[in-house]
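User: I would like to go through this structure with you, one topic at a time. Could we begin with the strands?

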Amino acid sequence: MRIFGLRTEYAENPLGLDTPAPRLSWLLESGRHNDVQSAYQVLVASRPGLLREGTADLWDSGRVDTDQSAHVIYGGRPLESKQHYYWKVRVWDGEGEASGWSSSAYWSTGFLNGEPWQAGWIGRKLPGTEDASAHTLPPVPYLRKAFRVQGPVRRAMVYATALGAYELHLNGERVGSDYLAPGWTDYHTRVQYQTYDVTGHLSEGEAVIGALLGTGWYAGHVGMFGAHRYGNTPYLLLELHIELADGTRQIVASDGTWKVFAGPILYSDLLKGEAYDARLEPEGWKRPGYDDGGWDTPAVLECYTGILTAQVDPPVRVMGELLPVSMKKTERGTYLYDMGQNMVGWVRLQLEETREGQEVIVGCAEMLNEDGSLYTTNLREAVQEERYLLREGGPCVLEPHFTFHGFRYVEVTGLTAAPTLHTVVGRVVHSGVTDTGSLETSDPRLNKLLSNIRWGQRGNFLSVPTDCPQRDERLGWTGDAQIFARTASYQMDVARFFHKYMLDVIDARLPSGAFPDVAPDAGWEAFKHASEVLNWHAPDNGGWGDAGVIIPWTVYQMYGDQRILEACYPAMKTWVDYLERHSPGLIRPGYSNYGDWLSIGADTPKDVLDTAYFAYSTALTAKTAGVLGLEDEQTQYYGLFQRIREAFRAAFVSEDGRIKGETQTVYAVAIQMNLLEGELRRKAADHLAANVQAHGSRLTTGFLGVGYLLPALSESGHEDTAYALLTQEAFPSWLYSVKHGATTIWERWDAWTETGGFQNPGMNSFNHYSLGSVGEWMYANLLGLRPRESHPGFKQFDIRPRPGGGLTYAKGEFKSVYGTIRIGWKLERSLFTLQVEIPANTAADVYVPGFVLPDESAEGDFARLIASGAEGTVYRAGSGSYTFVSRLRAADCEIPAEGTAADPAGEEIGA
Ligand code: RAM
């Protein structure tokens with residue numbers, strides 16, 4: 001067995017962890033079928049040399065007989081602050097044979113056990129009597145500290161954060177590649193710090209550390225609530241720890257001895273864009289030798305009462321670049337670029353030459369008006385624009401610092417020379433969640449839909465899961481996040497991203513114990529209660545608050561991560577207990593604000609929907625108690641779930657299986673949330689299918705129903721109806737926007753229609769992921785990859801593809817915490833070929849539809865047949881590659897007519 005992919009807390013060699021017992025994971029590769037890990041041994045040492053020799057001065061786990069190869073909890077000597085820890089592992093395979101040692105990996109620690117910081121919070125005093133609260137778009141201060149490194153450097157680490165957003169420079173070079181650090185949290189409660197290894201930036205002699213300090217979410221504009229949500233001006237906190245070759249330590253910390261300057265960035269605001277005056281740039285300020293005598297001394301913040309924690313989520317980074325697909329000169333004399341993709345981030349402008357005092361403006365928007373101008377009315381109060389005032393010179397590269405935009409089209413004004421296509425580069429910015437899943441089908445429209453769903457995630461996973469990236473909102477709406485969480489975790493590694501978001505959700509809980517609508521709160525609760533226009537006064541919202549239960553459970557299922565359950569379980573219980581107290585007869589009052597938000601042509605009763613979610617949250621809380629070994633509480637919550645289920649049936653379900661409201665959503669949630677059984681469930685499913693058919697195979701669901709619609713149809717035997725919905729192009733449908741050129745998922749089914757044009761610009765985002773929650777069904781049914789509840793994280797899983805919709809193939813992969821799973825199927829006439837690859841140390845039940853042809857199948861001997869019937873054959877298979885070939889009944893496959901494009905050869909393989 002070969003060991004690779006060592007990870008500590010999901011990351012490769014992470015820095016600055018503050019968990020006292022990090023979790024270690026590794027991947028295994030084996031040339032043998034059905035190979036497993038039967039034991040492991042982990043060594044952890046304080047120095048690489050010790051580890052190499054095999055001297056584990058911190059932890060030698062000894063041989064541990066287990067198949068656990070993910071989330072192994074460090075069990076050695078207590079960790080200390082600001083140290084590096086090196087580890088390696090070896091394993092024994094299924095036959096008891098030992099592997100070699102893995103290569104080594106490491107992590108470093110930040111501030112442990114509440115160790116205090118020596119640094120002070122520094123910012124910029126406003127001149128004279130200026131009142132900070134009046135300054136909503138202040139300049140971005142430059143901060144600077146010159147110092148001397150007292151000897152040759154062995155190692156140097158920076159620990160830093162801001163109440164605001166910051167960018168660091170050391171001796172003229174940018175430190176790290178993070179943007180908008182420290183990210184968004186409820187700063188009243190906590191702020192995350194970042195750790196950077198800067199050994200390569202320093203050597204003995206004069207040195208300068210510099211910082212740009214933006215308002216960020218702390219003091220800049222957030223949501224529809226204006227600026228100064230947490231404070232009036234930003235502050236930086238920084239410690240540079242230098243370990244010299246002779247073993248002595250030198251610390252440079254932010255304090256009153258630093259220097260500060262208003263700088264050339266006139267403002268840089270998340271929602272308002274940036275203005276920069278190149279003529280004010282102090283040449284050479286990031287390097288030694290610059291005379292900062294004219295700079296001011298900084299303001300020092302007296303105290304910060306929140307918690308300082310190491311960053312949990314992957315930092316925001318530039319994750320890709322896009323070049324425009326076209327450029328044209330407009331009648332206005334400006335240049336209009338089409339990026340070919342609705343994206344989130346900003347524009348990097350590359351100019352060959354610039355004139356003194358030239359003003360260049362870069363504006364951007366998601367869509368164009370009919371006259372070809374930027375459609376900006378849907379931005380509300382947000383401004384997606386950079387203004388650059390330039391000086392004589394060139395070439396130069398311009399990009400903003402502490403803002404981001406959602407856009408496809410870019411308009412550049414003020415150029416003196418004709419630009420080229422490559423004058424503009426789209427910088428794609430999001431939290432560093434990396435792709436884990438991919439899926440391709442024989443239908444290009446579905447591939448485009450999948451691409452749009454992925455771009456929706458890229459655009460909206462930016463420090464928190466936002467509803468949209470362009471207008472003055474960009475909030476962490478909990479309902480949106482929970483409905484998309486399953487799709488999100490098929491597509492990308494979101495475990496740490498969601499873990500951090502759950503801390504935001506818990507921080508934003510209401511005094512009642514209710515989970516919030518929005519996290520971090522930033523003012524939403526106060527805003528909604530004060531607003532007479534919105535008339536939204538519900539103290540909790542079904543499908544939104546339930547995110548506090550559903551997201552941790554999803555992360556547990558998809559990653560086998562028990563810690564997120566441990567962290568959230570007390571709050572989950574509080575939520576369910578709160579709901580129980582406020583639900584007479586266990587029926588929710590139906591006062592919630594949003595219901596099946598933005599449904600189309602259907603009105604789902606809120607009492608039905610909210611009670612279904614109440615039952616669902618209760619069931620998941622019971623399951624969580626079970627996972628955590630709390631049997632009594634498991635029984636208690638399971639009992640409550642059963643009582644809610646009975647109340648739901650008595651109140652809303654008639655004997656013929658009709659559910660109050662009779663919308664697609666009421667049926668979908670009742671089926672998927674396990675509120676009906678047996679005959680009643682079957683009848684309800686038939687009503688659901690009939691409803692869809694009555695709507696001409698079109699959906700009516702909003703944000704909450706949409707995620708359950710196709711799963712409910714598939715689970716209840718209405719596969720054809722599910723495919724009919726998926727492949728529908730007529731309005732409203734997923735493919736309607738695809739057909740009309742969408743490159744992301746729209747907020748509304750009718751965000752734009754042929755007949756009505758643009759919807760009300762007051763709420764019309766073209767990059768909202770919620771309606772893209774169908775991605776989960778595409779991975780779980782179309783491709784057929786499903787986690788197994790009893791063996792989370794894909795330790796054991798099911799492969800159960802459901803061909804349909806006229807598709808002739810689907811193929812995809814998923815990088816689980818145990819390794820990469822690959823699935824591909826193709827349908828040639830009635831011949832179905834399924835190829836799967838199962839990682840070492842995992843096992844899957846493979847459901848092969850139709851009648852298996854053993855002679856055509858390969859490696860089938862290694863899989864054990866466990867069931868077979870009219871529906872197909874089920875094999876249990878461990879690691880390795882397998883091919884199964886079966887013959888489908890004509891009814892199970894839409895066999896393309898001979899000689900059609902989908903079946904050009906008209907041949908059958910192996911026939
Ligand atoms: C809007 C957004 C968001 C949704 C709320 C209820 O502001 O569209 O996605 O969750 O309303």
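**Strand pairing, salt bridges and the ligand**

Analyst: In this predicted model, V852 stands opposite S886, a residue of β46.

User: How do β43 and β46 pair, and over how many bridges?

Analyst: β43 and strand β46 (residues 880-887) pair over two bridges, in the antiparallel sense.

User: What is the order of the strands in the open sheet?

Analyst: The open sheet is formed by six strands in the order β32-β39-β40-β41-β46-β43, with antiparallel pairing.

User: Which strands stand at the edges?

Analyst: The edges are β32 (437-441) and β43 (851-852). Each has a single partner strand, so one side of each is left without a neighbour in the sheet.

User: Turning to salt bridges, which residue does R822 meet?

Analyst: R822 and E837 meet through their side chains in a salt bridge, at 2.8 Å from N to O. R822 is in strand β40 (residues 819-828) and E837 is in strand β41 (residues 831-838), so the pair ties together parts that are 15 residues apart in sequence.

User: Is R822 buried or partly exposed, and what about E837?

Analyst: R822 counts as partly exposed, at 33% relative accessibility. E837 is partly exposed as well, with a relative accessible area of 31%.

User: What does R190 form with D507?

Analyst: R190 forms a salt bridge with D507, and their closest N and O atoms are 2.7 Å apart. R190 belongs to strand β13 (residues 190-197) and D507 to helix α5 (residues 495-507), so this pair ties together parts that are 317 residues apart in sequence.

User: Why does R190 count as buried, and why D507?

Analyst: Buried means under 20% relative accessible area. R190 counts as buried because its relative accessibility is 13%. D507 is buried because its relative accessible area is 19%.

User: Now the ligand: which residues surround the ligand?

Analyst: The ligand is surrounded by D467, R471, E473, W477, D480, W544, Y594, W597, F703, E747 and H768. The residues of this shell divide into five nonpolar, one polar and five charged.

User: How far is a polar side-chain atom of H768 from an oxygen atom of the ligand? And for W544 and W597?

Analyst: For H768 the distance is 3.0 Å. A polar side-chain atom of W544 lies 3.2 Å from a ligand oxygen atom, and one of W597 lies 3.4 Å from a ligand oxygen atom.

User: How much of the ligand's accessible area does the protein cover?

Analyst: On its own the ligand has 290 Å² of accessible area, and the protein covers 97% of that.

Methods. Residues are numbered from 1 along each chain as its sequence is written. This is a predicted model: local features need pLDDT of at least 70, side-chain atom pairs count only at pLDDT 80 or more; totals for chains, interfaces and linings use all residues. Side-chain values use heavy atoms; hydrogens and water are left out. A residue is near a molecule or strand if one of its heavy atoms lies within 4 Å of it. A polar contact is a pair of N or O atoms within 3.5 Å; within protein, one must be able to donate a hydrogen and the other to accept it, and residues adjacent in sequence count only if both atoms are side-chain atoms. Accessible areas come from the Shrake-Rupley method with a 1.4 Å probe; for residues, only the protein chains shown count as cover. Ala, Val, Leu, Ile, Met, Phe, Trp, Tyr, Cys and Pro count as nonpolar, Asp, Glu, Lys and Arg as charged, and the others, Gly among them, as polar. Two strands pair if DSSP finds at least two bridges between them. Helices (H or I, at least four residues) and strands (E, at least two) are DSSP runs, numbered from the N terminus. A salt bridge is a side-chain nitrogen of Lys or Arg within 4 Å of a carboxyl oxygen of Asp or Glu. Buried means under 20% relative accessible area, exposed over 50%, partly exposed in between (1.4 Å probe, protein chains only).
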